[in-house]
Amino acid sequence: MTVTILVIFTLNSGYTYIGKNLRGKHMMNITKITAYKIPILIFALVFLDGCESASECDFVITPGPGAQADFQNALNTIEKGCVELEEGTYDFIRTLTMDEKADVTIKGAGRDSTILSFADQISGADGLLITNSKNIVVRDFTIRDAVGDALKFREADGIVMYRVGAEWSGEPSAKNGAYGLYPVQSSNILIEECYAYGASDAGIYVGQSDKAIVRNSRAEGNVAGIEIENTTNADVHNNVASDNTAGILVFDLPGLTQSGARTRVFDNTVTKNVRGNFAPGGSIVSQVPAGTGILVLSTAEVEVFNNTIEENNVAGTAVASYAALVELNLVAKPTDPNYDPFPRKIYIHDNTYSRSNTYPAPENQSEFGNLLVKSFGDTPIPDIILDGLLLPDSGSSGSICLQDNKGSSFVNLNLPNDFPKNLSFDVSPHNCRMDPLLPVEVEVPEL
């Protein structure tokens, strides 16, 4: 609805003026229209026009039977500007796509007010898929019950996900989609004040990308709350990861388009991540132990600091090699000739740990998680765990340094040396420091 305010007033000079204000966004235009002498008078006429939307967006979508076609048409047609999704629940049955666009905002009325439901999806896997695009903002809505990934970006540059939710209804299940918020092979990414629940792999995931910030967000009820995989230059901070199988993962896996390096994980609250692992069998994340706070796997230059890590009762923080999974016959030996399975330049410092020793039930645990619990018997599992497959020729530290972690205990599983008979609780080889990593800067559109 357009509101037109017509203001007419008379000055002492006897000239009468008229001003028009459209939608409250234009300056008043003053035009002399007559010279009759009349008393000073100020009044306003308000006209209501129900035929035109008050939105400043190019397209406004409302819930209803035509919403799928209207929204897809807007995504196909828009050149620059915004698409607005009004408050309400939208029932979509097909993946929505946007390709080769720039400078576009897609916004709802709020994360709890605009719901994009894919509960009856019959075509496609993703909820909303955005590809080959630049400077895209998505904000203030929730995608619910997508068959596959909820919100996926691929080959995009300049991405903002702001106050976006990705959820699956009911108790988390292996039948849920793999990823909630999922930028992949992209760059300059900001994920802020978002929420993810129920993903069967990772709630918030950044993969094979460069320059990413995940901050002030919450992930709960997922297998992995937040995952950074084969990505360079990432900051993960001021988030809450709770009630997942694992809180935060930083991985490098073989056979992908790039290797990862330079990830900072700091100022997060990682708590009570003891949910049973419900990932489909065969995926690497299906081997993550239930009860994991932060896990660093086969990647380089990771700094983990100033986090509160509590009640993750199997592995508060673990640093592992993909070669360890191969050694235990949990995954096949990688064929990627360029893949380096050893973690290197890992600096874990100034974190705070607390825990009890109540472990998830064996039927809710991964194969590796059960092996780990069994290997300790009645002995509490320490907070910080290394698997013992360390970078060759890296000295006694194995290129892993630990400093000033409050309330923490330590173990090196020593996997190559007749595990679990030769566990080492001596942290002194890792009593070293590294230079801090630089903050990540991203180039993204302003909100």
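Q: Is Cys-432 buried or exposed?
A: A word on reading this predicted model: local features need pLDDT of at least 70, side-chain atom pairs count only at pLDDT 80 or more, and totals for chains, interfaces and linings use all residues. Residues are numbered from 1 along each chain as its sequence is written, and side-chain values use heavy atoms, with hydrogens and water left out. Buried means under 20% relative accessible area, exposed over 50%, and partly exposed in between (1.4 Å probe, protein chains only). Cys-432 has a relative accessible area of 18%, so Cys-432 is buried.

Q: Which cysteine is joined to Cys-432 by a disulfide?
A: In general, a disulfide is a covalent bond between the sulfur atoms of two cysteines. Here the term is used for a pair of cysteine sulfur atoms within 2.5 Å. The sulfur of Cys-432 is 2.0 Å from that of its partner, which is Cys-401.

Q: How many residues apart in sequence are the parts tied together by Cys-401 and Cys-432?
A: Helices (H or I, at least four residues) and strands (E, at least two) are DSSP runs, numbered from the N terminus. Cys-401 lies in strand 34 (residues 400-403), while Cys-432 lies in the segment after strand 35 (410-412). The pair therefore ties together parts whose separation in residues is 31.

Q: Is the disulfide of Cys-401 and Cys-432 left-handed or right-handed?
A: The handedness is read from the torsion about the S-S bond. For Cys-401 and Cys-432 that torsion is about -105°, so the disulfide is left-handed.

Q: What is the pairing of the bonded cysteines in sequence order?
A: The two bonds are Cys-57 with Cys-82 and Cys-401 with Cys-432. Numbered along the protein chain, the bonded cysteines give the pairing 1-2, 3-4.

Q: How many helices and strands does the protein chain have?
A: The protein chain has 447 residues, and 54% of them are buried. Its elements come to three helices and 35 strands.

Q: What share of the contacts joins residues at least 24 apart?
A: Contact means heavy atoms within 4.5 Å. The contacts considered here are those between residues at least 6 apart in sequence. Among them, the share that joins residues at least 24 apart is 65%.

Q: Which residues have the most contacts inside the largest nonpolar core?
A: A nonpolar core is a set of buried Ala, Val, Leu, Ile, Met, Phe, Trp, Tyr and Cys residues joined through side-chain atoms within 4.5 Å. The largest one has 65 residues. Those with the most contacts inside it are Phe-71 and Ile-106.

Q: Is the ring pair of Phe-71 and Phe-92 stacked, edge-to-face or tilted?
A: Rings of Phe, Tyr and Trp (its six-membered ring) pair if their centres lie within 6.5 Å; planes under 30 degrees apart count as stacked, over 60 as edge-to-face and the rest as tilted. A search of the whole structure finds eight aromatic pairs. The rings of Phe-71 and Phe-92 have centres 6.0 Å apart and planes at 35°, so the pair is tilted.

Q: Which residues form one aromatic cluster with Phe-71?
A: Phe-71 and Phe-92 are both buried. Phe-71 belongs to one aromatic cluster, whose other members are Tyr-90, Phe-92 and Phe-118.

Q: Which residue has its backbone nitrogen 2.9 Å from a polar side-chain atom of Asp-383?
A: Asp-383 is found in the loop between helix 3 (367-376) and strand 33 (384-386), and is buried with a relative accessible area of 5%. Leaving aside neighbours within four places in sequence, its contacts include Tyr-353, Arg-355 and Ser-408. The backbone nitrogen in question belongs to Ser-409.

Key:
A polar contact is a pair of N or O atoms within 3.5 Å; within protein, one must be able to donate a hydrogen and the other to accept it, and residues adjacent in sequence count only if both atoms are side-chain atoms.
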